[in-house]
Every structure is written in structure tokens, then in C-alpha cells.
Amino acid sequence: MLTAITGINWGDEGKGRMVDLISQEYDIVARYQGGNNAGHTVKNERGKFVLNLLPSGILRPNVVCVMGNGMVIDPHHLDGEINKLREQGVEISPANLKISDRATITMPYHVDQDGLEEARLAKTGAQFGSTKRGIAYAYGDKYMKKGIMLGELFDREYLISHLSDVLEFKNLQITRVYGGEPFSLESMVEYLDTYGEILKPYIGDTSAYLRKAAHEGKKIPYEAQLGVLRDIDFGIYPYTSSSSPLAAYAPIGSGAPDIPVNRVIGVVKAYSTCVGEGPFTAEWFGEEAERLRKEGGEYGAAT
């Protein structure tokens, strides 16, 4: 059984809890898109957990979690998220967490660019309501062929050469467009060396792993972040995410496009809420609306 679990609204539908419940009956949970710009809050018999990057199946001891090539991964954030869960009693090791060597790294300069651009747009009220975690810029670099993949951490000579070329391009944007401070090659190499040593044991060919698991009849649910109305192609563009949470993208973003989805579960809310900027079906403004929003807990795990 290959199941895609997708949000039908703008996100915050409770997908994390749904994945947590369903994963009890599955062998592998594969996250196939997004980064740490949103997240899943899960409450179960073990407690309350906030997940931004890790698949929700990580809370189940017998489930193996896969972070697919369609994700953009902030190593600093991931390390912190893993450590926090361990403090809460969740066991995480290369045996139950596997990260694609083709996933794109969200770098500190992506986060910096995100904040600089949102500040520029805010001057005219045109901001997107970004979480300022660098997601759009990491995906932008991926599609401009200027991204750094996690697999590059294993070839330091190539990594430094590639990063040097990319950083020259990024610093031109940061300094000449925004007047920001440039990033040094030394600091970025040190950053990747530090987190590379931590994450290397988890990184590998998740495509081969998923194909083998499917051939053996393992049950796999694919987990999305956000809802379909944030889809980059079919959502409320341009107030969308930078990836595709649609079920159809699950095999591609998880790492095995030749393994088709044969079941889709859509998670929908009884009422609509939306975090961020842009048009909405019905909006309520003012102090009372803000108070009710906060009391109702409608902020997502990342906001």
C-alpha cells in the first residue's frame, strides 16, 4: 500500500496527527517536499511534539522515516530538531532516519536573502508573509542549478569549489541589490563541515531504499507539508509555497518516481484558516480577530 497524505486547504489541517495515527500500520513514512517553513504539531500518548523537517512517523519506534530529494533541508535546524526530540525520549538513528543525498541544502545566505526581500516588499505592503526561513531561495537556487546537495558533503574538494562559485553569485545579490553583508567562503565551509559530520551517517540513496522496500511489499505513506492551495502550480499564486504538496508529486519528491501512489488521503478542516499574506475566501480584521486567532491556536508549528 503506497498512500499519499495531503492537506486539502492552505495547511494546518492536522496532517501530522493523521500521519502519526496511520503510521502505526505502515513500515516507512516518506516526506517528499518543503522545508522547515511549516510544520506538524502532534499530540499522542507519548506527549506533544513539534516537527518542522522530520516526518511525523519518527514518533513511532518501528517506522523508518525518509526525507526525500524534493525537500530543502536546513542542517542547523534539523540538528536542533533531532536533539529536541531525543530530549523528549524519541530514538533517532540512521536505522530509522534516512536522508536523500539529492536533497537541497538551505544555506544561511538563503535565510538572509529571504529576510532582506521581505523587508524590501514590506515598504510598499507587497510582502508575502514569508516565514523567512530561506525556502523560496533554496528552491530558486535548485532550479537555477546553483543549489548545494547533501551528497556533496562527501566530496570536500568538489564542495569547496562548487560553493565558491555559488557564493560569488549570491554575494553579488546580497550586497548590490540589498546592501547586505557578504558571506565568506570560510564561514560557509565551516558551517557545512560542522553539520556534515553530524548528518553524514543519515545521508544516502533513498531511491534505492524505497524501491527495495516497495518490491518487498512494505507499506509506505508519503507525507506532505502545507496544503494543496499552497501548491506552486495550482495554488493561490504567488502566495504559495515553492514546491508541490500534491499527491502526484509524492513519488518524485520522495525519490522513486517509478513507484506509483495507489491511495490518497486528503485532510480537510471544518473551517478555513490561512497563515501568511494574500487573498482569502473570508477575512476578519482588527483586535478581536487577532485575539481569537491567537486563542484558537491557529498559528502553525513554524509561525
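**View 1. Strand 7 and strand 9 of the predicted model pair in the parallel sense over two bridges.** The model shown in this and the following views is predicted rather than experimentally determined. Within this pairing, S100 stands opposite G204 in strand 9. Strand 7 also has strand 5 as a partner, and these two pair in the parallel sense over three bridges, with V66 standing opposite K98 in strand 7.

**View 2. An open sheet of seven strands runs in the order 9-7-5-2-10-1-11, with parallel pairing.** Strand 9 (203–204) and strand 11 stand at the edges, and because each has a single partner strand, one side of each is left without a neighbour in the sheet. Helix 7, which spans residues 206–215, packs on the sheet and touches strand 2, strand 5, strand 7, strand 9 and strand 10 (220–227), while its direction makes about 135° with that of strand 5. In general, the strands of a sheet pair through backbone hydrogen bonds, in either the parallel or the antiparallel sense.

**View 3. Strand 5 is covered on both faces.** V64 and V66 lie on one side of the strand and C65 and M67 on the other, and all four are buried. In a regular strand, side chains alternate between the two faces of the sheet. Strand 2, made of residues 28–31, pairs with strand 5 in the parallel sense over four bridges; here I28 stands opposite V64, and V29 has C65 as its bridge partner in strand 5.

**View 4. The largest nonpolar core holds 47 residues, of which I58, L97 and Y109 touch the most other members.** Two or more residues are given to this core by each of helix 1 (15–22), strand 4 (47–51), strand 5 (64–67), helix 2 (75–87), strand 7 (97–100), helix 5, helix 6 (185–199) and strand 11 (263–267). The largest share, six residues, comes from helix 6. Apart from this core lies another, of 17 residues, including I220, A224, Y249 and A256. In soluble globular proteins, nonpolar side chains tend to be buried together.

**View 5. L97 is shown with its contacts beyond the neighbours within four places in sequence.** Once those neighbours are left aside, L97 is in contact with L54, I58, C65, M67, I82, I92 and Y202. Of these partners, I58 is listed together with L97 and Y109 as touching the most other members of the largest nonpolar core, and C65 and M67 are the buried residues on one side of strand 5.

**View 6. V189, placed in helix 6, is in contact with R156, I160 and L163 when neighbours within four places in sequence are left aside.** V189 has a relative accessibility of 12%, which falls under the 20% cut-off, and therefore counts as buried. The C-alpha atoms of V189 and A136, 53 residues apart along the chain, are separated by 22 Å.

**View 7. Helix 4, residues 135–143, has I135, Y137, A138, Y139 and D141 buried.** These buried residues pack against strand 6 (72–73), strand 8 (104–105), helix 3 (108–122) and helix 5 (156–177). The helix is followed by K145, whose phi is positive, near 60°.

**View 8. S254 lies in helix 8, which covers residues 250–254.** With a relative accessible area of 0%, which is under the 20% cut-off, S254 is classed as buried. Not counting residues up to four places away in sequence, S254 touches A30, R31, Y32, V66, G68, N69, T206, L210 and Y222. Between S254 and W10, which are 244 residues apart in sequence, the distance from C-alpha to C-alpha is 21 Å.

View 9. The residues that line the largest cavity are R31, A38, G39, H40, L51, N52, L54 and Q225. Of these lining residues, R31 is also touched by S254, and L54 is also in contact with L97. Empty space of this kind is found by rolling a probe the size of a water molecule over the atoms.

Note on methods:
Residues are numbered from 1 along each chain as its sequence is written. This is a predicted model: local features need pLDDT of at least 70, side-chain atom pairs count only at pLDDT 80 or more; totals for chains, interfaces and linings use all residues. Side-chain values use heavy atoms; hydrogens and water are left out. Buried means under 20% relative accessible area, exposed over 50%, partly exposed in between (1.4 Å probe, protein chains only). Contact means heavy atoms within 4.5 Å. A nonpolar core is a set of buried Ala, Val, Leu, Ile, Met, Phe, Trp, Tyr and Cys residues joined through side-chain atoms within 4.5 Å. Two strands pair if DSSP finds at least two bridges between them. Axes are lines fitted to C-alpha atoms, for helices over the stretch in contact, and angles run from 0 to 180 degrees between N-to-C directions. On a 1 Å grid over the protein atoms alone, a cavity is a set of points where a 1.4 Å probe fits but cannot get out, and a pocket is an open set with protein on both sides within 12 Å along at least five of seven lines; lining residues have an atom within 4 Å of a point.
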